[in-house]
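Biologist: I should like to learn how to read the features of a model of this kind. May we go through them together?

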Amino acid sequence: MRSTGTLVIVFIVLVVGFAGCAGCSSYNGMVSQEEGVEQAWANVETSYQRRADLIPNLVRTVQGAADFERETLESVTNARARATSINLSVDDLSDPAAMQAYMAAQSALGSSLGRLIAVAESYPQLTATTAFRDLQTQLEGTENRINVARRDYNAAVRGYNTKIRQFPGSIIASIMGFDRRTPFEAEAGAETAPTVEFN
């Protein structure tokens, strides 16, 4: 009798120990994935900050090299101010509305920069300056970095969201308060090809 009772107790201890180890492993994996999402988000913010830092130099170069349309320059300056005024904390990454506001502000800034570059090409003396060409090249590189950072962020979010939704991780995630993160999404109308007109 004694050996049967001892075997049952040992079996129960082993099962509880195994479940505890599995739970700890799952929790640690979620923490690791969450940290990956936070690092990827920091990389996105760094890329956007680089773009915001380049804009004043671009505006000064354009102002100095041409009698440029004030409205276009003000549009870029105002869009930059709006984009840099919206700050997302890591906790806001699970709020789709906050992410949408952030993405809309960054999109508006990108659009106003595109208009600035397009209008600047009407000024041959401006586009011929080395400073303008260098800034334009840096902005193109920065836009590529932003795209890569957003793609990496979305991959990290996908991995994290998958981890917290799979069983048994979903149980631990709900107990420990791991929330889904919001990925970057395409802008409304991005699926429609732009109309190009040569006048």
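Biologist: Is arginine 51 buried or exposed?

Modeller: Some conventions come first. This is a predicted model, in which local features need pLDDT of at least 70 and side-chain atom pairs count only at pLDDT 80 or more, while totals for chains, interfaces and linings use all residues. Residues are numbered from 1 along each chain as its sequence is written, and side-chain values use heavy atoms, with hydrogens and water left out. Buried means under 20% relative accessible area, exposed over 50%, and partly exposed in between (1.4 Å probe, protein chains only). Arginine 51 has a relative accessible area of 2%, so it is buried.

Biologist: With which residue does arginine 51 form a salt bridge?

Modeller: A salt bridge is a side-chain nitrogen of Lys or Arg within 4 Å of a carboxyl oxygen of Asp or Glu. The partner of arginine 51 is glutamate 143, with the closest N and O atoms 2.9 Å apart. This pair links distant parts of the chain, 92 residues apart: arginine 51 is in helix H1 and glutamate 143 in helix H5 (residues 130-165). Helices are DSSP runs (H or I, at least four residues), numbered from the N terminus. Glutamate 143 is partly exposed, because its relative accessibility is 31%.

Biologist: How many salt bridges does the count come to?

Modeller: The count is 2. Glutamate 34 forms a salt bridge with arginine 181, where the closest N and O atoms are 2.8 Å apart. That pair also links distant parts of the chain, 147 residues apart, from helix H1 to the segment after helix H6 (169-176). Glutamate 34, at 18% relative accessible area, is buried, and arginine 181, at 8%, is buried too.

Biologist: Which residues of H2 are buried?

Modeller: The general idea concerns helix geometry. An α-helix has 3.6 residues a turn, so residues three or four places apart point the same way. In H2 the buried residues are Thr72, Leu73, Val76, Ala79 and Ala83. Seen down the axis, they fall within an arc of 130°, so they line one face of H2. The arc is that of the directions from the helix axis to the C-beta atoms. Arg70, Glu71 and Ser85 are exposed on the other side of H2.

Biologist: What span should helix H2 have?

Modeller: The expected span is 1.5 Å times one less than the number of residues. For the 16 residues of H2 (residues 70-85) this gives 22 Å, and the end C-alpha atoms are 22 Å apart, which agrees.

How values were computed. Helix = DSSP H or I, 4+ residues; strand = E, 2+ residues; numbered from the N terminus.
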